[in-house]
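Please read these notes with the structure open beside you.

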Amino acid sequence: MSEIRNKKLSNDEFFALREEIITQWPTGKDVEKLEDGIAYQKTIPPERVFTTALNQAKAEGRTLVQPRAGVALIDKQIELLNFLAKEGEADLLPSTIDSYTRQNRYEEAKIGIEESIKSGKSMLNGFPAVNHGVHGCRELTENLTKPVQVRHGTPDARLLTEITYAGGFTSYEGGGISYNIPYAKNVPMERTIQDWQYIDRLTGIYEEAGVAINREPYGPLTGTLVPPFVSHSVAILEALLAAEQGVKNITVGYGQCGNLVQDVAALQTLQDLTDEYLRRYGYGDVTVTTVLHQWMGGFPQDEAKAFAVISWGSVVAALSHATKVIVKTPHEAMGVPTKEANAEGLRCTKQIINMLGDQSLDVNSLMDEKHIISEETRCVVDKCFELGEGDIALGSIRAVQAGVLDIPWAPSRYNAGRMLPARDNDGAIRIFNIGSVPFSQNLLDFHKQKMEERAKYENRKASFQMVIDDVYAISKGRLVGRPGN
């Protein structure tokens with residue numbers, strides 16, 4: 001594999017790759033003519049276009065609510081999503097893709113569809129869009145009243161992108177870092193960066209033809225004690241990579257960590273820092289919006305306590321004025337939620353947002369946290385540019401190799417896994433072991449002080465046990481994992 005560079009794919013490069021990609025499964029024949037997909041996208045009414053909804057919400061300071069949801073069969077997916085739009089009052093809709101499709105195992109997805117038809121219930125944990133093809137996707141999107149997004153977790157999602165764009169989806173999640181390191185064990189960064197350059201170039205081609213498609217890097221990563229600067233750095237890197245390929249609408253995300261001040265500061269700095277780096281490197285025409293993912297860690301078994309966790313995430317979304325929030329359900333600890341539980345989570349979130357949308361936090365503590373997160377993020381992103389000698393594609397790969405970009409709890413064997421987070425005495429996520437993350441001395445001293453303050457309060461040494469305690473704390477009804485709790 002040749003060395004990856006952050007350079008827009010030429011038409012020759014793109015279409016040579018495309019000839020191979022659309023032959024990966026028989027439904028690929030339906031996207032042979034790229035212009036057909038572009039023409040179809042232009043027929044979609046504005047009320048079903050993701051970028052229209054996001055840009056309007058951002059201009060008005062509103063937060064939109066969106067669930068996760070996906071089942072095997074088209075008619076059942078239509079029924080599910082329309083239920084969530086009506087009964088859950090969802091502003092935006094998803095189609096969560098099944099695990100077989102995420103691994104490009106389309107033959108097994110086909111069997112899952114057949115078994116679902118026989119049994120009368122979904123035998124897949126999501127919507128197999130590649131198998132349903134362009135016409136199946138259009139049947140779905142045309143029977144919805146709200147914009148719909150592809151949500152997945154696929155390292156190589158190129159065929160999925162082709163089919164769903166032509167099928168009428170107007171937003172697409174993922175990126176070459178965020179859909180590799182947290183999801184895959186043995187996929188090299190070079191491969192996913194290259195594959196997602198193709199996806200972003202396809203998005204850019206649609207954009208150049210007058211079709212606005214939203215792209216969303218995946219913010220929560222592993223969803224477990226991920227410090228804001230880590231997810232921010234990934235979001236910025238993926239936004240820069242996407243912008244080079246012609247993407248013009250990007251939604252950067254963050255997974256709720258639990259401390260209100262830190263979470264609100266994180267959402268606000270995420271918008272500011274992404275805008276800052278896009279302007280600095282010549283992509284000032286890109287529109288940036290934000291998404292908060294409600295708590296992605298372990299949930300309490302008790303349904304009432306689970307609702308409290310959802311409500312807390314809704315407070316963060318409202319006070320930070322995130323453009324949208326991805327909503328969890330009170331059945332998170334029990335597996336796949338019912339559509340009724342999904343709707344309850346949406347209505348709970350919407351109620352909180354309506355109540356708190358005009359309120360704000362203590363200015364001084366918020367500004368302090370925003371300053372810390374911004375300084376941490378710049379340390380990492382600037383080092384990525386340094387490692388890549390100015391090229392952020394190469395720099396991203398080298399940063400993961402060096403442990404400069406180090407994602408906690410990731411399964412990838414290419415991830416260093418040396419940096420360890422833990423909570424401070426107020427529940428904000430700090431760093432217990434810095435690994436090779438290139439913080440300034442001031443930041444290193446700050447995190448050490450925060451860990452020592454907690455250790456003194458709990459009358460124990462700062463140790464790895466704190467990290468373990470914090471991983472399970474919220475599922476046990478606490479934010480900070482204290483001894484004996």
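The points below go from the whole chain to the details.

1. Basis. This is a predicted model, in which local features need pLDDT of at least 70, side-chain atom pairs count only at pLDDT 80 or more, and totals for chains, interfaces and linings use all residues. Residues are numbered from 1 along each chain as its sequence is written, and side-chain values use heavy atoms, with hydrogens and water left out.

2. Whole chain. The chain has 17 helices and 10 strands (DSSP runs, H or I of at least four residues for helices and E of at least two for strands, numbered from the N terminus). Its radius of gyration, taken over C-alpha atoms, is 21 Å, close to the 23 Å that the globule rule gives for 485 residues, so the chain is as compact as a globular protein of that length. The globule rule is 2.2 Å times the number of residues to the power 0.38.

3. Helix contact. Helix α1 (residues 11-21) packs against helix α8 (residues 158-166) at about 90 degrees, with the axes 10 Å apart. Axes are lines fitted to C-alpha atoms over the stretch in contact, and angles run from 0 to 180 degrees between N-to-C directions. That makes α1 roughly perpendicular to α8 (65 to 115 degrees).

4. Residues in that contact. From α1, Phe-14, Leu-17, Arg-18 and Ile-21 meet Arg-158, Leu-159 and Glu-162 of α8 (contact means heavy atoms within 4.5 Å). Four of these residues are nonpolar, none polar and three charged (nonpolar: Ala, Val, Leu, Ile, Met, Phe, Trp, Tyr, Cys and Pro; charged: Asp, Glu, Lys and Arg; polar: the others, Gly among them).

How values were computed
Parallel < 35°, antiparallel > 145°, perpendicular 65-115°, else oblique.
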